[in-house]
Amino acid sequence: MITLLLVLVAAYLLGSIPTAIIVGKLLRGIDIRQHGSGNAGGTNVFRVLGWKPGVFVMLIDVFKGFVATYWLPRLAFAATTLEPQTVQLLCGIAAIVGHIWTVFAGFRGGKGVGTAAGLLLALYPLAVLICLAVFAIMLFATRIVSISSITAAVAFPVVLTLFKYAGHRPITPLLYYFSFFAALLIIFTHRSNIKRLLNGTENKFGKKKT
């Protein structure tokens, strides 16, 4: 049990690495949370610092979620009676929580989309590819990243439901129910975006926020 707790703490700390904030400090000497949308995520880095730093931050955030879900849990498999996928999900969730509420930056991090994508990539890559396609289609149609992220998050449990009941694919109950939790969490972290969407003031992708 102690080993599992240590691995969960490690996953949280890995997720807590504030990639966007570090990149903002190194490249421009700024706190990225005080510019653009105010979010410590890849999209805001893209908007404020350019596409190269933005893509770098996005990839690192996905990598954090993948490592926390795929590699770290292996250190605890032999030290717990929990099923391996249960341990993986717990570690992945710890990384997402760390990304959103990072201990290294006053518990003000990003929205968790990239890190959640890394978790899902480690557990069910086919579903991630479909959700990524949904994201791309929505971004092309609306040019609004928040709508695209929320739609992709909601698509995840829908995709798993179709796989489970229409495609008769083996989806474990834990992963299935987690998909709904993940969608609700992403919606929660985008609550300020939703408010701006309702007010008609949400920024569009490719347009710098003044």
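Q: How many nonpolar, polar and charged residues are in the lining of the second largest pocket?
A: This is a predicted model, and in it that lining has four nonpolar, seven polar and five charged residues.

Q: Which residues are closest to its centre?
A: Asn 39, Gly 109, Gly 110, Lys 111 and Thr 189. They belong to a set of 16 lining residues.

Q: And which helix gives the most to the lining of that second largest pocket?
A: That's H10, with three residues.

Q: What volume does the second largest pocket have?
A: About 290 Å³.

Q: OK, now the largest pocket. What's its volume?
A: The largest pocket comes out at about 1100 Å³. Its lining is made up of 49 residues, and Thr 43, Val 113, Gly 114, Phe 135 and Ser 149 lie nearest the centre.

Q: Which elements give two or more residues to that lining?
A: Helices H3, H4, H6, H7, H8, H9 and H10. The largest share is from H7, which gives seven residues.

Q: How does the lining of the largest pocket divide into nonpolar, polar and charged?
A: You get 27 nonpolar, 16 polar and six charged residues.

Q: Switching topic: where is Pro 173 found?
A: Pro 173 is in helix H9, which covers residues 173-189.

Q: Is Pro 173 buried or exposed, and why?
A: Exposed, because its relative accessibility is 52% and the cut-off for exposed is over 50%.

Q: How many residues apart are Pro 173 and Leu 123 in sequence, and what about in space?
A: They're 50 residues apart in sequence, and 13 Å apart from C-alpha to C-alpha.

Notes: Residues are numbered from 1 along each chain as its sequence is written. This is a predicted model: local features need pLDDT of at least 70, side-chain atom pairs count only at pLDDT 80 or more; totals for chains, interfaces and linings use all residues. Side-chain values use heavy atoms; hydrogens and water are left out. Helices (H or I, at least four residues) and strands (E, at least two) are DSSP runs, numbered from the N terminus. Buried means under 20% relative accessible area, exposed over 50%, partly exposed in between (1.4 Å probe, protein chains only). On a 1 Å grid over the protein atoms alone, a cavity is a set of points where a 1.4 Å probe fits but cannot get out, and a pocket is an open set with protein on both sides within 12 Å along at least five of seven lines; lining residues have an atom within 4 Å of a point. Grid points are joined across faces, edges and corners, and a volume is the space filled by probe spheres set on the points. Ala, Val, Leu, Ile, Met, Phe, Trp, Tyr, Cys and Pro count as nonpolar, Asp, Glu, Lys and Arg as charged, and the others, Gly among them, as polar.
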